[in-house]
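Please look through the model below before reading on. My notes follow it, point by point.

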Amino acid sequence: MSEKRRDQWGSSFGFIMAAAGSAVGLGNIWRFPYITGKYGGAAFVLIYLLVVAIIGCSVMLAEFAIGRNAKLDTVGSFLKLGGKKWAIVGWMGFFCGFVILSYYAVIAGWTFAYMFKSLGSLMQNANNADASAKLFVSFISNPIESITYHLIVMTIVIAIAYKGISEGIEKSCKVLMPLLFVIILILIGRSVTLPGASEGLNFFINPDFSKINGEAVLAAIGQGFFSLSLAMGIMVTYGSYISKEESLTKSVRFIVLLDTMVAILSGLVIFPAVFAFGIQPGAGPSLTFITLPVVFSKMYMGGLFSFGFFMLLFIAALTSSISLFEVVVTYAIDQLKWSRTKSALIMGVAIALLGIPSALGEGGHIAKIFGRTFLDFIDFISNNLVMPLGGIFISIFVGWYWADEAKNEITHNGTIEFPLYKIWLFICKFVAPITIGTILVVKLAEW
C-alpha cells in the first residue's frame, strides 16, 4: 500500500495523545502506585524513571522507526524490512493485540459497569471489605452481566476503529486523554484534603532506600517495560501512520512523560484516600473493585467521586483497547486486503468471542487451566512470554540487523540531529535484550 493512500495522524498532538493513551492503561493506575509504595516510594520512582529512560524510550523509538519506514502493519513491517525470518516478531505483536484485547475488554467492562453502579446502590452496599468483596464476586459471577459489559466495550472499540486513524482514533483520544487528566486532578484535590491523607502521601512519596533491593529493581524493570505498550505491535502500527516531518525522538519523550505522569498522579489519588480511612492498600482488581468502593462509601459525595474514578479507569482501559485493536485491524487491511469496515467488524467479532471464556472463567463457569482462570492463563502467556520475547527480538533486529536504516529513519536521512545515536544503539544491542531477557526468566520461574 503506498504512503499516499495510507491514513495519517492529523497532527502531532493527536498522535501523541493516541500513543500516550495506548501506554496509559490499568497497570498505571492499579499497579504502579502499589509497587511504588511497597518498594520505597520516591526511591523506586527514581529507578523506574531510569529504566523508562534507558529501556522504554529506546525500544519505543525502535518500534516507531520500524513502523514509519515500512508503512505497514506489524507483520508486514518485519516481513518487508527483515524478510520471512523476522516476520515471527510481527506475528508476536499481532498475537498480543488479538489475545490481550480479548480479556482486557472484559476488565474494561467491569470499570464501565462500576461507573454506573457508583451512582446506584454500590455506595450503600459496599460499606466494608467483606460486603464489597461479595458484591464484586457476585457481579463477575453473573455471566449475563459480565458478557454484556464486555460486548459493550468491544462495540465502542469497533465503532472508533471503524472511523479510521484521523477521524476515529485520533479524534477520540484528543478528547479522552485531556478528560483523563481533568478527572485525575479533581480526584487528587479531593483525596489529599481528606483528614489523615498525609500518611498515604508519606507511604507513596517519601524515599526509603532501604527497600531498594534486587526484587525492587526487577519490579521497576517489569513495570517500565509493560506499562509503555511495547512489543505488542502497537507502536509499530501507530508508527506506520506518522508523517516523515514528525520528530520521533521528541514524540517518544512526550509519550513517556505523559505515561509516567498518570502513574504518579494515580498514586496521589489512591493512597491519601486509602490511608485516610485506615485501610491497607492492595494491588490490582482487589484494590480497584473491593478496597476503593469501601473508601468512597465513607466519603462525602462518595458516589460522585467513585463515578469519576471508574470513569478514569474506563478511559485508560478504552484508549489502550483501541490501540490493541488497531494492531489487528491494520493487519487485516494491509495483509488480507480487507476494507477497514470489514476488518473492524470481522476481527472485532472474533476478539469479542475469544473474550467470552475470560468473562465466564472469572465467575467460575469454566474450568481452570494449570490452576489459573482462562483470563489469568492467557494473560500470563501474552504478557510474560510473548511480549518479553518480542521486546528482545525487536531490540536485536534494530541493534544488529537494521541499525543504519534505523538511524536514517530517525534522523530523516541526516537532516535531524540524533546525538544519542551511539548510546541508543548500544542499548538496543546489549542492554535491552539482556534486561528484558531477565524479566522473561523471572516471569517463567513464577509459572
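This is a predicted model: local features need pLDDT of at least 70, side-chain atom pairs count only at pLDDT 80 or more; totals for chains, interfaces and linings use all residues.

1. **Disulfides.** A disulfide is a covalent bond between the sulfur atoms of two cysteines. How many disulfides does the count give here? The count comes to zero. Two cysteines show why. The sulfur of Cys 57 has its closest cysteine sulfur in Cys 428, 11 Å away, and that is too far for a bond. The cut-off used is 2.5 Å between the sulfur atoms. Cys 96 is also buried, because its relative accessibility is 0%.

2. **Salt bridges in general.** Side chains of opposite charge can pair when their charged atoms come close. The count of salt bridges in this model is six. The next points take up some of these pairs.

3. **Glu 145 and Lys 117.** These two side chains form a salt bridge, with N and O 3.2 Å apart. Which parts of the chain does the pair tie together? Glu 145 sits in helix α9 (residues 143–162), and Lys 117 sits in helix α6, so the bridge ties together parts that are 28 residues apart in sequence. Glu 145 is partly exposed at 25% relative accessibility. Lys 117 is partly exposed too, at 26%.

4. **Glu 167 and Lys 171.** Here the N to O distance is 2.8 Å, and the side chains meet in a salt bridge. Both residues belong to helix α10 (residues 165–192). They are four residues apart, so about one helical turn separates them. Glu 167 is partly exposed, with 43% relative accessibility. Lys 171 is partly exposed as well, with 46%.

5. **Arg 340 and Glu 326.** The closest N and O atoms of this salt bridge are 2.8 Å apart. The pair links distant parts of the chain, 14 residues apart. Arg 340 is in helix α17 (residues 340–361), and Glu 326 is in helix α16 (residues 302–335). Are these two residues buried or exposed? Arg 340 is buried, with a relative accessible area of 18%. Glu 326 is buried, at 0% relative accessibility. The line for buried is drawn at under 20%.

6. **A network.** Salt bridges can share partners, and here that joins Arg 68, Lys 244 and Glu 409 into one network. Find these three residues in the structure and view them together.

7. **A nonpolar surface patch.** Which residues make the nonpolar surface patch of about 460 Å²? They are Leu 119, Tyr 300, Met 301 and Leu 304. Leu 119 lies in the loop between α6 (87–117) and α7 (122–125). Leu 119 is exposed, because its relative accessibility is 52% and the label needs over 50%.

8. **Ser 77.** This residue belongs to helix α5 (residues 74–82). Ser 77 is buried, with a relative accessible area of 0%. What does Ser 77 touch, leaving out residues up to four places away in sequence? Its contacts are Ile 66, Gly 67, Ala 70, Leu 72 and Val 236.

9. **Leu 265.** Look for this residue in helix α14 (residues 248–276). Leu 265 counts as buried, at 15% relative accessibility. Leaving out residues up to four places away in sequence, Leu 265 touches Phe 181, Ile 184 and Ile 188. Leu 265 and Leu 185 are 80 residues apart in sequence. In space, their C-alpha atoms are 7.9 Å apart.

10. **Two positive phi angles.** Most residues other than glycine have a negative phi. Which values do we find at His 412 and Asn 413? His 412 has a positive phi of about 55°, although it is not a glycine. Asn 413 has a positive phi of about 60°, and it is not a glycine either. His 412 is in the loop between α19 (403–411) and α20 (421–445). Asn 413 is in the loop between α19 and α20. His 412 is partly exposed, with a relative accessible area of 30%. Asn 413 counts as exposed, at 60% relative accessibility.

Terms used. Residues are numbered from 1 along each chain as its sequence is written. Side-chain values use heavy atoms; hydrogens and water are left out. Buried means under 20% relative accessible area, exposed over 50%, partly exposed in between (1.4 Å probe, protein chains only). Patches are made of residues with over 30% relative accessible area and no salt bridge: like charges are joined within 9 Å, nonpolar side chains (Val, Leu, Ile, Met, Phe, Trp, Tyr) within 5 Å. Accessible areas come from the Shrake-Rupley method with a 1.4 Å probe; for residues, only the protein chains shown count as cover. A salt bridge is a side-chain nitrogen of Lys or Arg within 4 Å of a carboxyl oxygen of Asp or Glu. Helices (H or I, at least four residues) and strands (E, at least two) are DSSP runs, numbered from the N terminus. Contact means heavy atoms within 4.5 Å.
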